[in-house]
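The following note is intended for a colleague who is meeting this structure for the first time.

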Amino acid sequence: MFFTSLDKAVRETCGSSRKIKEKRPVFGGDINEAYSVTLDDGTVLFLKTNEPGSASFFEAEAEGLEAIRRTGAVSVPEILALGTDKDVSFLLMEFISGGQKIKDYWEVFAAELAAMHSAETPGYYGFREDNWIGARKQVNTPHDSWIPFFRDCRLQPQLEAAQKYFSPEDRKKAGNLLSRLDRFLTEPDRPALLHGDLWSGNMITGNDGKGWLIDPAVYYGHPEADLAMTELFGGFPARFYEAYREAGKQEPGYKDRRDLYNLYHLLNHLNLFGSGYLGAVLRILNRYAG
Ligand code: ADP
């Protein structure tokens, strides 16, 4: 539901006499302002705010969380309200309080992720609308096949935006890679719902002691793209990967494709944060198209 005042959103979603008593900053995000909001009855909620123009960003985040929630496979915070209030847009959701991790935390999370990757999808690659990957637009134009989707909607737009970092030789390699992607990638049996931005910071522990997903950049794609991203910034513990393999969602040869999937995220980081990511991008370009 879209509201034009935060107080009204609180009243309509939490009770007509509820009021915000306290708002405390939560640190750790890199795009939005985040707060824990305590109501007069002690209820704690999670609030994100940004400039008014970010309403579409929050709509996409809410829609992504809702798509994951609908699979019934992995927990996500419940969205309470979206809206604008004076000089900000906001997203109000359930506060994930961070309990004690259950004993088989990583095994359970791997099984739940595999279940999400096995959930019914509409049958195309992409999503019904574009969304965001970090602060950059993520193109989700529906495609019938995975490899053309990954080429046209993932690598190509990021490579184009990164042209200024590339030498003429690098540009040639990028072109070669795009024209030869089917030599390296494989088509999955069918599209799977992906979180889309699955690094460890986008998984938090709920008070049920299990891993909950936040901040998605969802689309229908190859599950390997999610798995690859878990390995990009530090990786998850080995028992997560064993349990995911046991759940039967990992195909042979995944390790040969992993870095190509992560090239998308590294290019995104290059385009967002600058040349610190160029070396990693060029290593992958050279490996696949050198
Ligand atoms: P950003 O959109 O700026 O990247 P995040 O979604 O990463 O912000 O959130 C900022 C911080 O708040 C992170 O430390 C994250 O773990 C935490 N967080 C995110 N969603 C919730 C939630 N629903 N409940 C409690 N903490 C949350």
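**Ligand surroundings and domain interface**

1. A backbone N or O atom of F27 lies 3.1 Å from an oxygen atom of the ligand, a polar contact being a pair of N or O atoms within 3.5 Å; within protein, one atom must be able to donate a hydrogen and the other to accept it, and residues adjacent in sequence count only if both atoms are side-chain atoms. A polar side-chain atom of N32 is placed 2.7 Å from an oxygen atom of the ligand. At I96, a polar backbone atom is 2.8 Å from a nitrogen atom of the ligand.

2. The model is predicted: local features need pLDDT of at least 70 and side-chain atom pairs count only at pLDDT 80 or more, whereas totals for chains, interfaces and linings use all residues. Residues are numbered from 1 along each chain as its sequence is written, and side-chain values use heavy atoms, with hydrogens and water left out.

3. There are 17 residues around the ligand, of which I31, N32, K48, I96 and D215 come nearest; a residue is counted here if one of its heavy atoms lies within 4 Å of the molecule.

4. The protein chain comprises domain 1 (2-94) and domain 2 (105-289), with bounds from an automatic or database domain assignment. Their C-alpha centres are 27 Å apart.

5. Contact (heavy atoms within 4.5 Å) involves 19 residues of domain 1 and 23 residues of domain 2. Between them the two domains bury about 1,700 Å², with 68% of it on carbon and sulfur atoms; buried area is the accessible area (1.4 Å probe) that two parts lose on being put together, summed over both.

6. Two salt bridges are counted between domain 1 and domain 2, the criterion being a side-chain nitrogen of Lys or Arg within 4 Å of a carboxyl oxygen of Asp or Glu. D215 pairs with K48 in a salt bridge whose closest N and O atoms are 2.7 Å apart. Helix α2 (residues 55-71) gives the most to the side of domain 1 that touches domain 2, namely 11 residues; helices are DSSP runs (H or I, at least four residues), and strands are runs of E (at least two), numbered from the N terminus.

7. Which residue forms a salt bridge with E63? The partner is R128, with the closest N and O atoms 2.7 Å apart. Because R128 lies in the loop between α3 (105-118) and β7 (131-133) and E63 in helix α2, this pair ties together parts that are 65 residues apart in sequence.
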